[in-house]
Amino acid sequence: MRGTLIICSDLESLSREAAARFAAVVESRVGEQGIARVALAGGATPRRLYELLASEEFRASVPWARVHFFWGDERLVPLDHPESNYRMARETLLKHLALPKENVHPVPVASTAEAAALAYEQELRQHFRQRRGPPAFDLILLGLGADGHTASLFPRAAALAEKERLVAATQSPTSGLPRITLTLPVLNEARQIFFLVAGENKAAALRLAVEAPGTLPAQLVAPRRGLLTWLVDTAAAGQLHSVKVQAP
Ligand code: 6PG
């Protein structure tokens, strides 16, 4: 068993659990260092979490003005495009928060995924004031594809072998769309990683990712010093027979 596994009854309770833990991580980091750096996930699963964080319950308690938002991955589409991970987060969370503009760091959508990846790497190095080695995010949110992909790191992708680059250009094997993604060195440098996984179609990939190291992208996510938490629903946990579960 890799990390801590939290099984919730459904996407709503998973999202609530994630929101409470997100707020706790951010509040403690802002308390410790005056700032928190978070990388958001795309796809459908985190949408409810973002809505909850924007709700009355969390909007007042979290020191949002001290939070810097980045993305774990992005599709090479304009920021106002329906497929944009930035757009999804802006509509469900960011536009509801009193955030200084400079706290929001979308992937700079450029002409090519490679150009966007290079530009985003420079932005990370500038923001973290780090010339060498991967920066340490306080929290990275990740989803899980049924094929075991996470962020935009797809099975058998060359980017999985990346050791130096912080951001890579990849391509979705299903849509063929170019993607930009944080690389494994950055993911594995994080202080905390939350995997958000819901739905029966994710059960096989989740069992592989949780139970054993391997070559699937999600199996390669293993924070060097940080904490790994799986927030999953009962449907996704359907094949986890032999693992110890921590109650929400
Ligand atoms: C993306 C994501 C991707 C996502 C998984 C799960 O841009 O699509 O970052 O890695 O997390 O594909 O997607 P769902 O949450 O939609 O199932």
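Predicted model: local features only at pLDDT ≥ 70, side-chain atom pairs only at ≥ 80, totals over all residues.

Colleague: Where do F70 and Y120 lie?

Modeller: F70 is in strand β3 (residues 67–71) and Y120 is in helix α5 (residues 113–128), so the pair ties together parts that are 50 residues apart in sequence.

Colleague: Are those two buried or exposed?

Modeller: F70 is buried, and Y120 is buried too.

Colleague: And why is the pair of F128 and F137 edge-to-face?

Modeller: The ring planes of F128 and F137 stand at 75°, with the centres 5.1 Å apart. Edge-to-face applies to planes over 60 degrees apart, so that pair qualifies.

Colleague: Buried or exposed, F128? And F137?

Modeller: F128 is buried, at a relative accessible area of 10%. F137 counts as buried as well, because its relative accessibility is 0%. Together, F70, Y120, F128 and F137 form one aromatic cluster.

Colleague: Switching to the ligand. Which residues come nearest?

Modeller: There are 14 residues around the ligand, and T45, D73, R75, A151 and K202 come nearest.

Colleague: What about A151, which of its atoms is involved, and how far from the ligand oxygen?

Modeller: For A151, a backbone N or O atom lies 2.5 Å from an oxygen atom of the ligand. With N85, a polar side-chain atom is 2.9 Å from a ligand oxygen atom. R179 also has a polar side-chain atom 3.4 Å from an oxygen atom of the ligand.

Colleague: And how much of the ligand does the protein bury?

Modeller: The protein buries 86% of the 410 Å² that the ligand exposes when taken alone. The ligand takes up the space of the largest pocket.

Colleague: Last topic, the loops. What is the phi of R129?

Modeller: R129 has a positive phi of about 50°, although R129 is not a glycine. R129 is in the loop between α5 and β5 (139–142), and R129 counts as exposed at 76% relative accessibility.

Colleague: Where is R156, and what is its phi?

Modeller: R156 is in the loop between β5 and β6 (167–171). Its phi is near 65°, a positive value in a residue other than glycine. R156 is exposed, with a relative accessible area of 78%.

Key: Residues numbered from 1 in each chain as written. Heavy atoms only, no water. Helix = DSSP H or I, 4+ residues; strand = E, 2+ residues; numbered from the N terminus. Buried < 20%, exposed > 50% of the residue type's maximum accessible area, 1.4 Å probe, protein only. Phe/Tyr/Trp six-rings, centres within 6.5 Å; stacked < 30°, edge-to-face > 60°. Near = heavy atom within 4 Å. Polar contact = N/O pair within 3.5 Å; in protein donor to acceptor, adjacent residues only side chain to side chain. Areas by Shrake-Rupley, 256 points an atom, 1.4 Å probe, with all protein chains shown as cover. 1 Å grid on protein atoms, 1.4 Å probe; cavity = no way out; pocket = protein on both sides within 12 Å on 5 of 7 lines; lining within 4 Å. Sits in = over half its atoms within 2 Å of the grid points.
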